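Colleague: I'd like to learn how to read the holes, rings and sulfur links in a model like this one. Could you walk me through them?

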Amino acid sequence: MKNQKTLYRYLYTFKHLSCIAESPNSVVFGRFCAIVLSLYAAMHPFIAKSNPTIPAARLIAFKRAKTLDGGVSFSWLEQTWNKNALAENHLNNADLPLLKQLGFKSIRLPIAFEYYENEHITDEQIFSHIDNIVKQCRLYGFKLIIDYHSGDFNENNFRDETKTITNLWLKLAKRYKNVSGDDLFFEIYNEPPHMDPQIWKDAAYNIVTAIRKIDIDRTLIVGASNYNSIYELSRFVRLADENIIYTFHFYEPFLFTHQGAEWTGDQESTIGVPFPYNAEKFPIINPKAKNTDGEKNYKEYQIDGNEQSVKDKLQIVKNWGDKLDVPLLCGEYGVYNKYAGLDSRCRYIKTVRQALKQLNIPGLLWDYNGNFSVFNGVPSLENLPDCMKDAIGYTGQK
């Protein structure tokens with residue numbers, strides 16, 4: 001070893017001194033110099049670049065992310081406007097067999113934890129519902145995502161809110177520590193609002209770090225600020241933790257997917273918007289939408305309202321995931337079903353589903369039996385339109 005180091009030192013010195021000497025008339029010297037440099041390179045394997053090894057924990061996250069494809073959200077426990085949500089059981093004995101038949105593989109369970117705490121609902125009342133769903137998912141072979149929904153995190157209260165969110169996850173981590181990491185996932189926070197992205201990143205890191213003190217194997221799901229925006233995620237700097245799936249929500253173009261949605265205010269008050277864009281069927285803008293973001297969306301729809309635009313926008317986040325070599329998840333996509341035409345809804349859902357499949361990104365529909373449901377009425381095979389069967393990839397063979 002000593003002799004090898006000595007030779008390294010000699011070659012290094014020769015490389016930087018001898019071979020830069022001016023010897024324009026010495027062909028022999030030039031050849032000798034080339035030989036020496038070759039020997040130097042051969043004895044310094046560290047200068048030859050190789051593909052970095054992906055950490056084992058990240059490989060686990062990639063593997064588990066694939067199992068979440070073909071999912072749907074059960075949203076009743078996040079419906080803060082429904083005072084009877086806890087008394088109602090929207091997951092009955094027919095639901096999971098139906099989803100199994102239709103080819104779904106995973107369930108996302110959004111829960112308004114902070115709302116229930118403020119309403120003085122005990123943890124046990126909430127956790128008992130989760131226990132039942134964990135049990136049912138295990139029985140029917142579904143993967144389950146528990147999602148912290150409807151929180152109040154923002155730039156002004158992030159310190160206190162981070163503590164509130166963390167305390168809840170510590171309780172859940174202890175309760176479900178023995179449930180396999182292949183079957184149960186934690187989504188640490190749904191749709192952080194628009195803010196300084198560094199504030200959310202720091203909070204997310206602190207939440208993840210706290211969970212890891214109890215559960216080192218659980219795959220965690222983390223999105224970017226600005227409501228899980230694809231654009232914000234494309235600027236996100238991944239966390240140090242390796243066992244993370246990065247999520248985003250996709251409702252573009254918003255003019256179509258949220259047309260007539262009351263909670264968006266006047267900006268999406270224009271209804272009858274088709275997908276894809278059709279000049280002959282395109283409605284006149286609702287006067288209420290003028291001078292809002294909705295007017296801008298309306299004017300751009302002839303460019304945004306098509307399959308290629310959907311693919312191009314999804315490619316943005318795919319490029320980010322490939323660059324950082326991290327697993328991705330489209331945690332929500334769908335269409336508000338009150339005003340959008342059925343055929344357009346079917347075309348849109350099929351477009352997004354196929355685009356995600358082509359990009360190898362797992363996706364989950366929003367939602368099962370709410371106002372984004374793919375069913376016409378109570379969930380059943382009979383209430384699933386033929387075009388929607390095609391949209392979700394159901395062939396009748398499952």
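Modeller: Let's start with a void: the largest cavity holds about 70 Å³ of space. This is a predicted model, so local features need pLDDT of at least 70 and side-chain atom pairs count only at pLDDT 80 or more, while totals for chains, interfaces and linings use all residues. Residues are numbered from 1 along each chain as its sequence is written, and side-chain values use heavy atoms, with hydrogens and water left out.

Colleague: What counts as a cavity, and what as a pocket?

Modeller: Both are found on a 1 Å grid over the protein atoms alone: a cavity is a set of points where a 1.4 Å probe fits but cannot get out, and a pocket is an open set with protein on both sides within 12 Å along at least five of seven lines; lining residues have an atom within 4 Å of a point. Points are joined across faces, edges and corners, and the volume is the space filled by probe spheres set on them.

Colleague: Which residues line the largest cavity?

Modeller: Val134, Cys137, Arg138, Phe142, Leu144, Val179, Asp183 and Leu184. Helix 6 (residues 123–140) gives the most, with three residues; helices (H or I, at least four residues) and strands (E, at least two) are DSSP runs, numbered from the N terminus. By class, six lining residues are nonpolar, none polar and two charged. Here Ala, Val, Leu, Ile, Met, Phe, Trp, Tyr, Cys and Pro count as nonpolar, Asp, Glu, Lys and Arg as charged, and the others, Gly among them, as polar.

Colleague: How many cavities does a search of the whole structure find?

Modeller: Two of 30 Å³ or more.

Colleague: Which residues lie nearest the centre of the second largest pocket?

Modeller: Asp69, Gly70, Lys105, Arg353 and Ile392, out of 17 in the lining. That pocket's volume is about 340 Å³, and helix 14 (342–358) provides the largest share of its lining, three residues. Seven lining residues are nonpolar, five polar and five charged.

Colleague: On to rings. How is an aromatic pair described?

Modeller: By the distance of the centres and the angle of the planes. Rings of Phe, Tyr and Trp (its six-membered ring) pair if their centres lie within 6.5 Å; planes under 30 degrees apart count as stacked, over 60 as edge-to-face and the rest as tilted. The structure holds 23 aromatic pairs. One of them joins phenylalanine 256 and phenylalanine 275, tilted at 40 degrees with centres 5.6 Å apart. It links distant parts of the chain: phenylalanine 256 is in helix 11 (residues 254–257) and phenylalanine 275 in the loop between helix 11 and helix 12 (293–304), 19 residues apart.

Colleague: Is phenylalanine 256 buried or exposed?

Modeller: Phenylalanine 256 has 0% relative accessibility, so it counts as buried; the cut-offs are under 20% relative accessible area for buried, over 50% for exposed, and partly exposed in between (1.4 Å probe, protein chains only). Phenylalanine 275 is also at 0%, hence buried. Next, phenylalanine 282 and tyrosine 298 have ring centres 4.7 Å apart and planes at 25 degrees, so that pair is stacked. Phenylalanine 282 sits in the loop between helix 11 and helix 12, tyrosine 298 in helix 12, 16 residues apart. Ring pairs also link Phe113, Tyr148, Phe153, Tyr189 and Trp200 into a cluster.

Colleague: Which cysteines form a disulfide?

Modeller: In general, a disulfide is a covalent bond between the sulfur atoms of two cysteines. The rule applied is a pair of cysteine sulfur atoms within 2.5 Å, and the count comes to one. Cysteine 346 and cysteine 387 form it, with sulfur atoms 2.1 Å apart. The link is right-handed, with 50 degrees about the S-S bond. Cysteine 346 lies in helix 14 and cysteine 387 in helix 15 (residues 386–392), so the pair ties together parts 41 residues apart in sequence. Cysteine 346 is buried at 5% relative accessible area, whereas cysteine 387, at 25%, counts as partly exposed.
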